[in-house]
Amino acid sequence: MIRISIDAMGGDHGPEIVMPGLLRVAERRPDVRFLIYGREDVVSPHFIKHPRLRAISQFVHCEVAVRMEDKPSQALRHGRWKSSMWKAIEAVKSGDADVCVSAGNTGALMAMSKFCLRTMAQIDRPAIAAIWPTTRGESVVLDVGATIGADAHQLIDFAILGSAMARAVFGIAKPSVGLLNVGVEEIKGQEDVREAGSLLRAAELTSMDYRGFVEGDDLGKGTTDVVVTEGFSGNIALKTAEGTAKQISGYLRAAMSRTLMARIGYLFAKGAFDRLREKMDVRKINGGVFLGLNGIVVKSHGGTDDEGFAAAVELGYDMARNGLIEKIRADLDQFHARAPELSRRKAAEPTEEGQD
């Protein structure tokens with residue numbers, strides 16, 4: 001049985017899309033159970049509509065809901081211990097849930113997750129990982145916004161986290177991993193990226209197939225199963241890809257409606273366009289995963305619909321079902337056993353929690 005805690009108050013629409021989304025998951029995953037947190041007066045009108053969902057769920061009333069416009073410091077100050085977001089995360093810490101899902105404020109969710117779950121002992125900073133559609137299928141890309149700038153050690157952490165996620169979500173025994181760079185040659189790029197590549201190659205980890213550097217166009221090609229970068233460039237790449245997809249969709253709609261012959265041609269090619277629309281449907285790859293914490297937290301897009309929210313929940317389900325946290329810990333132990341000099345250097349540096 002996979003137990004998932006839900007912040008029902010998060011996102012632009014709250015329980016209006018959360019409840020139908022959970023029902024979709026329940027219909028496809030019979031071994032799932034939900035712990036739902038939120039304000040009873042807001043959640044109940046939507047919850048009572050779905051008796052099948054009520055039968056597999058436990059609802060917990062929370063007076064406080066984190067607002068989408070709240071700063072992380074405000075969310076921690078006013079929502080710690082008592083908000084629906086905090087309670088959903090805390091359920092993972094206590095062992096009552098295997099994964100937490102929220103469509104709420106990203107900064108607040110990350111701040112609360114770090115404060116409540118803490119980062120793993122061998123991880124400097126957590127990362128946000130995204131599922132990326134490619135011409136070959138799908139890849140994992142991280143970090144897409146949690147850490148602005150990253151040194152060589154943090155990039156190595158991201159590679160280990162991403163490869164573990166690829167194994168848990170895609171079922172790949174030894175995912176291929178690439179470091180995003182301005183060229184594939186070993187002499188190109190920033191020193192931290194080059195150092196991370198050298199250490200990963202020397203470690204020869206059995207959990208991943210390190211392929212070296214990849215470039216921006218390799219993201220869409222799916223050259224590797226995992227692409228590693230720091231959060232600034234990763235977030236720009238993610239937003240650029242989303243914008244390009246919308247731009248192409250707009251071009252196609254305009255072209256197909258411009259003339260009578262174009263509309264007739266669309267009717268003949270409708271099947272092909274439907275397949276393209278399915279491939280470009282961002283709802284089906286919804287869900288940013290907070291990796292590097294002592295627990296699984298999934299951030300759904302705040303403006304998604306019920307199908308998109310269901311996709312984020314199912315992503316969390318798959319990772320919990322396939323033992324993501326255990327895979328990450330085993331991979332970290334293997335790397336630090338093979339690179340003891342990195343372990344010594346990390347031990348000498350204060351952790352982020354130690355500086356708080």
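How many helices and strands does the secondary structure of the protein chain come to? The count is 16 helices and 11 strands. Both kinds of element are DSSP runs, numbered from the N terminus: a helix is H or I with at least four residues, a strand is E with at least two. The model is predicted, so local features need pLDDT of at least 70 and side-chain atom pairs count only at pLDDT 80 or more, while totals for chains, interfaces and linings use all residues. Residues are numbered from 1 along each chain as its sequence is written, and side-chain values use heavy atoms, with hydrogens and water left out.

Start with the whole chain. Along the principal axes, the C-alpha atoms fill a box of roughly 60 × 60 × 35 Å. Of the 356 residues, 51% count as buried. Buried means under 20% relative accessible area, exposed means over 50%, and partly exposed lies in between (1.4 Å probe, protein chains only). Now take the contacts with a separation of 6 or more: residues 24 or more positions apart account for 72% of them. A contact means heavy atoms within 4.5 Å.

Next, look at a pair of helices. Two packed helices are described by the angle between their axes and the distance between the axes. Helix H5 covers residues 84-94, and helix H6 covers residues 106-117. Their axes come within 10 Å and cross at roughly 35°. Such axes are lines fitted to C-alpha atoms over the stretch in contact, and angles run from 0 to 180 degrees between N-to-C directions. On the H5 side, the residues that meet H6 include Met85, Trp86 and Ile89. On the H6 side, Leu109, Met112 and Phe115 are among the partners. The residues of this contact divide into 10 nonpolar, 1 polar and 2 charged. Here Ala, Val, Leu, Ile, Met, Phe, Trp, Tyr, Cys and Pro count as nonpolar, Asp, Glu, Lys and Arg as charged, and the others, Gly among them, as polar.

Now turn to charge pairs. The whole structure holds 17 salt bridges. Each is a side-chain nitrogen of Lys or Arg within 4 Å of a carboxyl oxygen of Asp or Glu. One of them joins Asp31 and Arg321, at 2.3 Å from N to O. Asp31 lies in the loop between helix H1 (15-28) and strand E2 (32-38), and Arg321 in helix H13 (residues 306-321), so the pair ties together parts that are 290 residues apart in sequence. Arg321 is partly exposed, at 39% relative accessibility.

Lys87 and Glu90 meet at 3.9 Å, N to O. They are 3 residues apart in H5, so about one helical turn separates them. Lys87 is partly exposed at 28%, and so is Glu90 at 26%.

Arg67 is partly exposed, at 46%. Their closest N and O atoms are 2.8 Å apart.

End in a loop. Thr147 is found between strand E6 (138-142) and helix H7 (152-170). Thr147 is buried, at 3%. Leaving out residues up to four places away in sequence, Thr147 touches Arg125, Pro126, Phe158, Glu230, Gly231 and Phe232.
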